[in-house]
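The following exercises concern the overall build of a protein and the setting of a single residue. Please work through each task before reading its solution.

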Amino acid sequence: MNFTKMHGLGNDFIILNQLADTQQDYVKLAQILCDRNTGIGGDGILLILPSTIADIKMRILNIDGSEAEMCGNGIRCFAKYLYEHDILKKTTFSVETKAGIIKPSLQIADQRVKQITIDMGQPILERDQIPMIGPKGQVIDEILDVAGQEYKITSVLMGVPHTMLFVADITAIDPSVLGPKLEKHHKFPQNTNVNFVQVIDKHTIKVKTWERGAGATLACGTGCCASVVASYLNGFTEDTVDVQVKLGTLHIEYRPNESVMMTGPAIEVFSGIYDIK
């Protein structure tokens, strides 16, 4: 099986061109290929599939085989791959995802994709649509009991559900401690991604993410977007923010009542053939 390994700020994926073969057991495939000891290693697989409603279709399966609705870092990698591998030689195109139609815009220099801007759509703020159990309304700076301790959270749906906790010093945070408890908290019927956010100033934040179905990741595009929205809703930042993660920065613009625009890079690591036995 031919594959290409890519990453967006360390959030790594295995891309498989399935335009001619859509009959694989993708759940099992994700678990085999993403294993970092016996497989290729990755946070998930990205499947290139035909679409009847867009130029192309993307499916995302996490390392545990669960399927995600969207992935901000993943779709940047996906878009770069399509252009540089001559599948879609356009600088703007439409991608069908479980979160709807997403339209990447590519910045090209010397026939290479340097930056990708994604219109991530409008964040959903209403509790029942995130979804989260509780009274109607938005989940902003709300107290949540987690294993006997109270934490203030803000939750939004950014294609996938995200819950933000604001912290004073992100270097002191290990996402694997609280992340799993929040991910599967009984108030989130579809589980939730968890983002720890440190506000640096009105235009800069730092983020660490525990990703639903994947665990601690070096970066999460939808998580960074959700963190910008949460920072704005809490009055901590303006509408244009640089989000710093371990390996770089995403530039994100929140247009209230409209959409979230995310710009950042994607890197191709290597390609090869994996023998599925």
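Contact means heavy atoms within 4.5 Å. The model is a predicted one.

**Exercise 1.** Determine what share of the contacts between residues at least 6 apart in sequence joins residues at least 24 apart.

Solution. Take the contacts in the protein between residues at least 6 apart in sequence; of these, 60% join residues at least 24 apart.

**Exercise 2.** State how many helices and strands the protein has, and compare its radius of gyration with the globule rule.

Solution. Step one: the protein contains four helices and 18 strands. Step two: its radius of gyration is 18 Å, close to the 19 Å given by the globule rule for 277 residues, so the protein is as compact as a globular protein of that length. Step three: along the principal axes, the C-alpha atoms fill a box of roughly 50 × 40 × 35 Å.

**Exercise 3.** Describe the burial, the surface and the charges of the protein.

Solution. Of the 277 residues, 53% count as buried. The accessible surface comes to about 12,000 Å², and 47% of it belongs to carbon and sulfur atoms. There are 26 positive and 32 negative side chains, with the centres of the two sets 2 Å apart.

**Exercise 4.** Is Ile32 buried, exposed or partly exposed?

Solution. Begin with its place: Ile32 lies in helix H1 (residues 26-34). Its relative accessible area is 28%. Buried requires under 20% and exposed over 50%, so Ile32 is partly exposed.

**Exercise 5.** Which residues does Ile32 contact, leaving aside neighbours within four places in sequence?

Solution. With those neighbours set aside, Ile32 is in contact with Gly39 and Tyr274. As for Ile63, 31 residues apart from Ile32 along the chain, the two C-alpha atoms are separated by 8.4 Å.

Technical notes
Residues numbered from 1 in each chain as written. Predicted model: local features only at pLDDT ≥ 70, side-chain atom pairs only at ≥ 80, totals over all residues. Heavy atoms only, no water. Helix = DSSP H or I, 4+ residues; strand = E, 2+ residues; numbered from the N terminus. Rg over C-alpha atoms; globule rule 2.2 N^0.38 Å. Buried < 20%, exposed > 50% of the residue type's maximum accessible area, 1.4 Å probe, protein only. Areas by Shrake-Rupley, 256 points an atom, 1.4 Å probe, with all protein chains shown as cover. Lys, Arg positive; Asp, Glu negative; His and termini not counted. Charge placed at Lys NZ, Arg CZ, Asp CG, Glu CD.
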